Amino acid sequence: MLLAVRATADVTYTVKPKDTLYDLARQYGISVTQLAERNGLSRNARLYVGQRLIIPTKSSPPPAAGPAVPNSSFQRAIDSARVTPRRWRYIVIHHSGVDEGTMKGMDRYHREERRMEHGLAYHFVIGNGDGMGDGEIGVGQRWREQLNGGHLASERQNSYSLGICLVGNFDKNRPTAKQMQSLTALTRALMKRCNLTTSSIRTHQQINVVRTRCPGRHFPMPTFLRGLSGKK
């Protein structure tokens, strides 16, 4: 079924059995790359029944998401932000819940489907090699401009909680080794910049006022916390 989402020709398509990106791209007269990038997927992504896809049009403007930066230079983005003392109280870990993803795709979804004024709900995104580089750290507008997050159900909590999203479904798989290395480096840098300790680190399910499984049963929280504190 097709649902109009804007006054333009953009539509939202609900995936049916046996649908593929290739077949849908051919059906709508667009390239697989266009369709995949519009939805934050890789070209070889496998679709699931009930998944909602945005069908791109030539008139669809690209959103302004923060750039992904090499892991060797993300520290500059941390240092250059104008962080007010005691602005942030928590660092919250999420997973995207899907196997592939990009910052631009997430930004589009949050702007167009969830109607978020500032787009991407998270302050940072860490890729898994499918859409973004494995371990690649993406810095969002919400960190650069020190905006409230959009990643928790409570607006009050969003006002003092930083959000980091790792691409992947950790109910099915574990994060990659590079993702965990990047998460550790990023979290340590944020802890230092915001004067926080490991007691400020939470998973989405630990802090959210609405029950959630995020970041999935395979996210290694105890191991992650031991790594942050330097314990084995």
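A: Below we chat about a helix, a pocket, some aromatic pairs and a strand residue in this predicted model.

Q: Let's start with α7. How many residues does it have?
A: Helix α7 covers residues 177-194, so it has 18 residues. From its first C-alpha to its last it reaches 26 Å, close to the 26 Å expected at 1.5 Å a residue.

Q: Which residues in α7 are buried?
A: Among them are Gln179, Met180, Leu183, Leu186, Thr187 and Leu190.

Q: Why would residues spaced like that point the same way?
A: An α-helix has 3.6 residues a turn, so residues three or four places apart point the same way.

Q: And what comes just after α7?
A: Asn195, which takes a positive phi of about 60 degrees.

Q: New topic: what is the volume of the largest pocket?
A: The volume is about 790 Å³. Of the 38 residues that line this pocket, the closest to its centre are Ser96, Val98, Met106, Tyr109 and His110.

Q: Which element gives the largest share of that lining?
A: That's α4, with six residues. The lining as a whole divides into 13 nonpolar, 17 polar and eight charged residues.

Q: Okay, aromatic rings now. How many aromatic pairs are there?
A: The count comes to five. In one of them, Tyr13 and Tyr28 sit edge-to-face, 6.3 Å centre to centre with 75 degrees between the planes. Tyr13 is in strand β2 and Tyr28 in helix α1, 15 residues apart.

Q: Is Tyr13 buried or exposed?
A: Tyr13 is buried, with a relative accessible area of 3%. Tyr28, at 25% relative accessibility, counts as partly exposed because the cut-off for buried is under 20%.

Q: Which kind of pair do Tyr90 and Tyr160 make?
A: A tilted one, because their planes are at 45 degrees; the ring centres are 6.1 Å apart. Tyr90 lies in strand β5 and Tyr160 in the loop between α6 and β8, so the pair ties together parts that are 70 residues apart in sequence. Tyr90 and Tyr160 are both buried.

Q: Which residues do ring pairs link into a cluster?
A: Phe170, Phe219 and Phe224.

Q: Last one: where is His94?
A: His94 is in strand β5, residues 90-95. His94 is buried, with a relative accessible area of 1%.

Q: What does His94 touch?
A: Leaving out residues up to four places away in sequence, its contacts include Tyr122, His151, Cys165, His204 and Pro215.

Conventions. Residues numbered from 1 in each chain as written. Predicted model: local features only at pLDDT ≥ 70, side-chain atom pairs only at ≥ 80, totals over all residues. Heavy atoms only, no water. Helix = DSSP H or I, 4+ residues; strand = E, 2+ residues; numbered from the N terminus. Expected span 1.5 Å × (residues − 1). Buried < 20%, exposed > 50% of the residue type's maximum accessible area, 1.4 Å probe, protein only. Contact = heavy atoms within 4.5 Å. 1 Å grid on protein atoms, 1.4 Å probe; cavity = no way out; pocket = protein on both sides within 12 Å on 5 of 7 lines; lining within 4 Å. Points joined across faces, edges and corners; volume = space filled by probe spheres on them. Nonpolar A, V, L, I, M, F, W, Y, C, P; charged D, E, K, R; others polar. Phe/Tyr/Trp six-rings, centres within 6.5 Å; stacked < 30°, edge-to-face > 60°.
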